[in-house]
Amino acid sequence: MTIHLHFNRRVPLLRDEDIWLHVAPGVTEAHFPQLFEFAWSELPEDARQAILRQWRALLREKPDRWLVGLTDQLDQRPETREYGMCEQDTGRMFFQASAMLGLDPPVAICIIVHELAHAFLLASGSPDAGNEEVVDRLAHSWGFPMAGIRRKLAGM
Ligand SMILES: [Zn+2]
């Protein structure tokens with residue numbers, strides 16, 4: 001599944017790693033870069049390195065491609081509302097700006113960690129990169145209680 005999204009600018013995301021956030025027209029990133037940076041800093045070093053290897057391989061193919069996107073182009077109906085998604089064939093990820101920025105920061109950070117866990121499993125060659133339960137267990141092992149977060153989001 002390759003996702004086609006339109007972004008018209010980029011802002012620094014992980015400055016030390018030269019990784020940028022691509023932002024869709026009309027979207028304000030607000031505190032999203034800080035949320036992402038915090039989530040990233042909580043990952044084990046080996047997970048960060050694996051994701052960076054995967055992302056840098058994508059940039060070698062196409063230097064201007066997006067790796068992390070922020071958009072409002074997704075469906076906004078509550079029953080189909082998405083917070084974030086990781087492309088299962090590349091490990092790129094994008095987030096729904098209005099949904100993410102409306103969450104309590106700790107909840108938004110858990111969602112970012114969840115998408116990074118997808119990317120790590122993909123980068124590691126795991127056959128379970130698309131398995132939500134496996135991804136949640138990994139995020140839990142990193143200190144992020146996704147089961148509780150899912151219950152909280154389901155009740156919103
Ligand atoms: Zn997921």
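Asp-18 counts as exposed, because it has 11 C-beta neighbours inside 10 Å. The scale runs as follows: buried means 20 or more other C-beta atoms within 10 Å of a residue's own, exposed means 12 or fewer, and partly exposed lies in between, with C-beta atoms placed from the backbone. The model is predicted; local features need pLDDT of at least 70, side-chain atom pairs count only at pLDDT 80 or more, and totals for chains, interfaces and linings use all residues. Residue numbers start from 1 along each chain as its sequence is written.

Asp-18 is not a glycine, yet its phi is positive, about 60°. The residue sits in the loop between E1 and E2. Helices (H or I, at least four residues) and strands (E, at least two) are DSSP runs, numbered from the N terminus. Ala-30 is another non-glycine residue with positive phi, here about 45°. Its place is the loop between E2 and helix H1 (32-41). Ala-30 counts as exposed because 12 C-beta neighbours lie inside 10 Å.

## Strand E2 and its partners

Strand E2 covers residues 19-23 and is mostly covered: four of its five residues are buried. Strands pair if DSSP finds at least two bridges between them. E2 and strand E1 (residues 9-14) run antiparallel and are joined by five bridges. Leu-14 stands opposite Ile-19 in E2. Four residues separate the strands of this E1 and E2 hairpin, in which Asp-18 takes its positive phi near 60°.

E2 also pairs with strand E3 (residues 68-71). Here the strands run parallel, with three bridges between them. Gly-69 in E3 is the bridge partner of His-22. In a regular strand, side chains alternate between the two faces of the sheet.

## The sheet and the helices on it

Five strands make an open sheet of mixed pairing, in the order E1-E2-E3-E5-E4. E1 and strand E4 (84-86) are the edge strands, each pairing on one side only. From one strand to the next, the twist averages 25°.

Helix H4 (residues 105-123) packs on the sheet. H4 touches E4 and strand E5 (93-96), and its direction makes about 10° with that of E4. H1 lies across E1, E2 and E3 and runs at about 35° to E1. For these angles, axes are lines fitted to C-alpha atoms, for helices over the stretch in contact; angles run from 0 to 180 degrees between N-to-C directions.

## The nonpolar core

The largest nonpolar core has 44 residues. Such a core is a set of buried Ala, Val, Leu, Ile, Met, Phe, Trp, Tyr and Cys residues joined through C-beta atoms within 7 Å. Ile-112, Val-113 and Leu-116 touch the most other members. H4 gives the most to this core, with 12 residues.

Leu-116 is in contact with Ala-39, Leu-43 and Ile-51, leaving aside neighbours within four places in sequence. Contact means that the C-beta atoms of two residues, placed from the backbone, lie within 7 Å.

## Asp-136 in helix H5

Helix H5 (residues 132-141) holds Asp-136. This residue is partly exposed, because 19 other C-beta atoms lie within 10 Å. Not counting residues up to four places away in sequence, Asp-136 touches His-114, Met-146 and Ala-147. Asp-136 and His-118 are 18 residues apart along the chain, and their C-alpha atoms are separated by 9.1 Å.
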